[in-house]
Every structure is written in structure tokens, then in C-alpha cells.
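Please have the model in view while reading.

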Amino acid sequence: MRFLRRLLLVVFGVPVALAVAMSLVDAYRSRRKGGRRAKPFPVTPPRTNNVGDGTVTTYTFGNDLYDDMIAAIDGAKKQIFLETYIWKGDEVGQRFKQALAAATERGVEVYCIFDELANLVVPSRFKRFPEGMHVLRYPTYAAGWRFFDLSRYGRDHRKILVVDDTVGFVGGYNIGTAYATEWRDTHVRITGPGVWDLRRAFADFWNLNRRRPHPLTHRTGAEGPLLIETAPSWDPDLRFHRNVPRLWMFPIRSMYLEAINRASRNIYLTTAYFVPDEDFVNALKAAAQRGVDVRILLPLKSNHVVVDWISRGYFSQLLDAGVRILRFKDAMIHAKTATVDGFWSTVGTANIDRLSLTGNYEINLEIFDRDVAKQMEEIFSRDESNALELTAAEWAARDIHRKFTELVLTPLRPLL
């Protein structure tokens, strides 16, 4: 038993200690440099495609997205649903808060959800909302006395805005000034029947997680469930997939695997963090080995240094199988997108890691449309122009201390 305890300490304690040390060093370096400022990066102007009975508009630059989101809020007549993982108390965050407050004052029903853990550093005064707004703070610790129930530990990582029953927004963008110009992300705006599915996704989360009134808010979902009508029709060209940990529902991973396994021409995948499970890696390798052009676009350096190092532990086998790895430079790429064979695409909130695919509340839009897929390929190509490709020879020649660090951090993969 003593030997086993020491073995477990080495296997898990050393990687955790190393990860903490790496995070502290990275934070110190960032402070000394005054924070990392992104350089200008290529973006694609918003473009709208007709899909089914509605439209899909794609955004790759935060300012463009935020302007249209605020315009939608300002034009709301009945109801607004806003759900976000991070809501900064800075200039952009205040802009959204003021627009929502103004909507409340003119009689619009406003419902907001944000994740408390993700916003611990946001000043508490910012989290005080006007009377009349319905606010649900997804708690830092949601398990209560059910600490043994792993389904209650997922974070609310979704980013949704729905205005009336006419327009919806979903994608990777959080709310904050840095995201407006310094991060490369992807979001979509939809109209048509798909908006009802987005409304249902918000309402289901609200009703599943309603709690007692919070001391910093005047009203919450405690007064009753959020009831909405059933969608009037189906849109076969759009489909929303929702991860719901409380119900052990994780369809986004299955969606990705199905698309990868069906691919015959190309797979262009963009993700902020890449810590997949073995089945996901094997699917990508198998696609490349049967002749599919598989490309994965990642940040050259993300905002989570430990995740970067753990991601590198997958590179050897992917490169050996023929997968191309591209690293976006000079700015944080935070998009969660993919397009396959010029027909299938997805945009959403889920990264290719275990926390997103089998842990957190996430939502991804699946799109079956050649025009959207063509646009997604164009966006990927433009991002690729700002990326460095990692070659097998370059990777094999890396220093031995880098190989050792990747090996030591391997036990942390199931936690990220």
C-alpha cells in the first residue's frame, strides 16, 4: 500500500505540480510584458447565406459581431435571452449591460445567464442588475450535497443570444473588450425556424438550473419556469446539438465523429484547445490514411500554457498519419469550427477536449449547406495564411526536455 501511494503521488502529483509551476511562470512573464497584445490578423467580413427557410451570417471579428448583437437587442420588442460563459465588466461588457437595461425599461422581458466561476474576477458591482431583469448565475459549485454526482460539475460554457423569435446568435465569442479586436473567433447569426431551437436550448437550461434568488439580483428564475411555444416547423438544413451533463447527454462528440468518419475529401478543423480522446484521434488518423486532406488549426500559443503542452503530446501520431497541423500566430484563435467535403459545417462553443465534449454545457450548430461550407473553407484558408505549419521533421527534432515535459503531463489529459 505504501508503494502504491507513492506511485500515485508520482504519477499524478508531479504532473499537477509541473502544471501549476508552468502556469505561474507564464502569468509572470505576461505581467512583465504588460499583457500579450495581439497583432493584426486577417479576418473575413460578415457574409449571409440563405439556408433552408432562414439565413446564416458568419462573423470572424468581434467588433462586427458585437455591433449586430447590440442592434438586435436595441430592436427587441418582446423577449431577449442572453447566455454567456464570460461577461467582462469592461467597456464592451458595460455596453451590453446598458443595452439590456434599456430593453428592460421599455418593457422587454430580459433573461440573462452567466457562469459564476468564469467571472470570479469581474467586480461584484458589475453583477448588480436593474430590477426587472431575470438573471441566473450558474453557481461556482453546483453539486450541493451531491458531491459524488459528476454530472453536476460541468460549467456553462455556452454563448447564446436570442431576440424575440426572429434572430439568434451562437458561437465562440464571450463578451469583453479584448475579444472585440484581439482574439480570432467565429460566431453565427441565424434567422428562420432554427431560432426556435436556440430559444428552446436557453429555456431548457434555465428551467434545469433555476435556484433561489441571489443576494445581488432583484429577480431570478425562482418565480417560475420559463415557458416557450414549440417550434412551428423543422429546418432539415440546420440542427443544434446540446451537451447537457445533468442528463448525461453529449451529442456534439458524436456529431464530430460521424462527420469525420464520413469524410471523403477534406476535413478542416479549428479549435482553441486540442485534448481529444483516443477514439477522436483514431478517427482523424483513419481519415488521413484513407486519403482525406485533414488539417487542424490551433493557436501557436493559447491563453492556457498547460493545455498547449498537453496538446503537443498528440502531434507525433497525427503527423505520422498524414494530418497537417497549422498553428495560428500573433493572436489567440478561439474558434470552434469544422467543415467537411464542401457540404457539412459546424460552428459552436465546444472545443475538442474532454471538458467540452464530455463535461460542460455546450451547444453547436450543424449546417448542411454548400454555400456555408464554401465560406467556411474560405475562412479556413484565410486563417491558414496567418499560420505556421508544423512539419514531421521539425517536430522530430525538438529538444529532449520538450519531449520529457509532454510525457510528464500526459496523465492530466482526462482532466482537460
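## Packing of helix 6 and helix 7

Helix 6 (residues 251-262) packs with helix 7 (residues 278-289) at an angle of about 20°, and their axes lie 9 Å apart. Helix 6 is therefore roughly parallel to helix 7, a term for angles under 35 degrees. The crossing of helix 6 past helix 7 is left-handed, which is said when the near helix is turned anticlockwise from the far one by less than a right angle.

From helix 6, Arg253, Tyr256, Leu257, Ile260 and Asn261 meet Asp279, Phe280, Ala283, Leu284 and Ala287 of helix 7, where contact means heavy atoms within 4.5 Å. By class, this contact of helix 6 with helix 7 holds seven nonpolar, one polar and two charged residues.

## How the model was treated

The model is predicted, and local features need pLDDT of at least 70, while side-chain atom pairs count only at pLDDT 80 or more and totals for chains, interfaces and linings use all residues. Residues are numbered from 1 along each chain as its sequence is written, and side-chain values use heavy atoms, with hydrogens and water left out.

## Two residues with positive phi

Most residues other than glycine have a negative phi. Aspartate 164, in the loop between strand 6 (160-163) and strand 7 (167-171), has a positive phi near 50°, and this aspartate 164 is buried, with a relative accessible area of 8% (buried means under 20%).

Tryptophan 248, in the loop between strand 10 (238-243) and helix 6, has a positive phi near 55°. Tryptophan 248 is exposed, with a relative accessible area of 55% (exposed means over 50%).

Definitions and conventions. Axes are lines fitted to C-alpha atoms, for helices over the stretch in contact, and angles run from 0 to 180 degrees between N-to-C directions. Helices (H or I, at least four residues) and strands (E, at least two) are DSSP runs, numbered from the N terminus. Angles under 35 degrees count as roughly parallel, over 145 as roughly antiparallel, 65 to 115 as roughly perpendicular and the rest as oblique. Ala, Val, Leu, Ile, Met, Phe, Trp, Tyr, Cys and Pro count as nonpolar, Asp, Glu, Lys and Arg as charged, and the others, Gly among them, as polar. Buried means under 20% relative accessible area, exposed over 50%, partly exposed in between (1.4 Å probe, protein chains only).
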